[in-house]
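Let's take a walk through this structure together, one piece at a time. Keep the picture open as you read, and follow along.

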2 protein chains.
Amino acid sequence: MSSTPAAPGTTALAPAIVARLKRTEDGLLPAIAQQYDTGEVLMLGWMDDEALHRTLTTGRCTYWSRSRREYWVKGDTSGHVQQVKSVALDCDGDTLLVRVDQTGAACHTGDRTCFDADVLPLA
Amino acid sequence: MSSTPAAPGTTALAPAIVARLKRTEDGLLPAIAQQYDTGEVLMLGWMDDEALHRTLTTGRCTYWSRSRREYWVKGDTSGHVQQVKSVALDCDGDTLLVRVDQTGAACHTGDRTCFDADVLPLA
């Protein structure tokens, strides 16, 4: 349990990666989770250096919860785990794309993705 | 040209949408752009209320540039436009998924997506 994201350079994340990350003022990067075979965009979470390190080394997607202020392994309570297939950093170094194999629903509402329920009207 | 994102409630964005958005302290939401037919995740940009309003009403993806501090219609300088197919708000109201038809490269490097070049090693 932690109350703040890890400061850059204080985790076991490889220094070559640490140097490329451009974080928010809170020390976080948005991480897009995508189903690796269907291409579905499942959800967006946030990672600090430690969450990214755990995601790269454990095979399970780990996020930083901004509301609960703690690390959160997707599926630990719901069983709806995300097995990591690949992780890519974008051209600016400020966004992650995590391709995963999602068990069951990605959304806490029970929907497959967090984007299923609220399509906005185009004018 | 503007130097700060629009304050909530000061734009023509529909009040029913305004009330559902949960913005960063800067007044922004991350917006994931996805190619509507192939499922490719192209890039992540940022939208304030006004950029979302323009995206919903003009058919062209409009972002807020955090570095240039101005609105930015994707493709206006490069020709690599994003025609909007649908816009969805996630379950928490804090992330947008914009399905688009991307002309040419989405990335300023010339890559098709901003996530093509830097795949991180899994341990």
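This is a predicted model: local features need pLDDT of at least 70, side-chain atom pairs count only at pLDDT 80 or more; totals for chains, interfaces and linings use all residues.

Start in chain B, at the hairpin of E5(B) and E6(B): six residues sit between the two strands, and Gly93(B) has a positive phi near 75° there. Residues are numbered from 1 along each chain as its sequence is written, chains are lettered from A and ligands numbered from 1 in the order in which they are written, and side-chain values use heavy atoms, with hydrogens and water left out.

E5(B) and E6(B), the latter covering residues 96-102, pair in the antiparallel sense over seven bridges; strands count as paired if DSSP finds at least two bridges between them. Look for Ser86(B), and you'll find Arg99(B) of E6(B) opposite. Cys91(B) counts as partly exposed because its relative accessibility is 32%. That label belongs to a simple scale: buried means under 20% relative accessible area, exposed means over 50%, and partly exposed is in between (1.4 Å probe, protein chains only). Now jump along the chain: Arg20(B) is 71 residues from Cys91(B), yet their C-alpha atoms are separated by 9.8 Å.

How many of the eight residues of strand E5 of chain B are buried? Six of them are, so this strand, residues 82-89, is mostly covered by the definition of buried. E5(B) has a partner in the other chain too: three bridges join E7(A) to E5(B), and the two run antiparallel. One spot to look at is Asp118(A), which stands opposite Leu89(B) in E5(B).

Cross over to chain A, and you can look at its own hairpin. Strand E5 of chain A (residues 82-89) pairs with E6(A) in the antiparallel sense over seven bridges. Ala88(A) has Leu97(A) as its bridge partner in E6(A). Six residues lie between the strands of this hairpin, and Gly93(A) takes a positive phi near 75°. E6(A) also meets E1(A), this time running parallel, through five bridges. There, Gln34(A) stands opposite Arg99(A) in E6(A). As for cover, five of the seven residues of E6(A) are buried. While you're looking at strands, here's a general point: in a regular strand the side chains alternate between the two faces of the sheet.

Next, the charges. Side chains of opposite charge can pair when their charged atoms come close. Over all chains, the whole structure has 14 salt bridges, each being a side-chain nitrogen of Lys or Arg within 4 Å of a carboxyl oxygen of Asp or Glu. One of them joins Asp49(A) to Arg23(A), with the closest N and O atoms 2.7 Å apart. This pair links distant parts of the chain, 26 residues apart: Asp49(A) is in helix H2 (residues 49-58) of chain A, while Arg23(A) is in the loop between helix H1 (15-18) and strand E1 (29-35) of chain A. Is Asp49(A) buried or exposed? Asp49(A) is buried, because its relative accessible area is 0%, whereas Arg23(A) is partly exposed at 23%.

Another salt bridge in chain A is formed by Glu40(A) and Arg112(A), whose closest N and O atoms are 3.2 Å apart. These two are 72 residues apart, with Glu40(A) in the loop between E1 and strand E2 (41-47) and Arg112(A) in the loop between strand E6 (96-102) and strand E7 (118-120). Glu40(A) is partly exposed at 26%, and Arg112(A) is partly exposed at 28%.

Finish in helix H2 of chain B (residues 49-58), where seven of the ten residues are buried. Arg54(B) and Glu50(B) both lie in this helix, four residues apart, about one turn. Their side chains meet in a salt bridge, at 2.8 Å from N to O. Arg54(B) is partly exposed at 30%, whereas Glu50(B) is buried at 16%. After the helix comes Gly59(B), with a positive phi near 80°.
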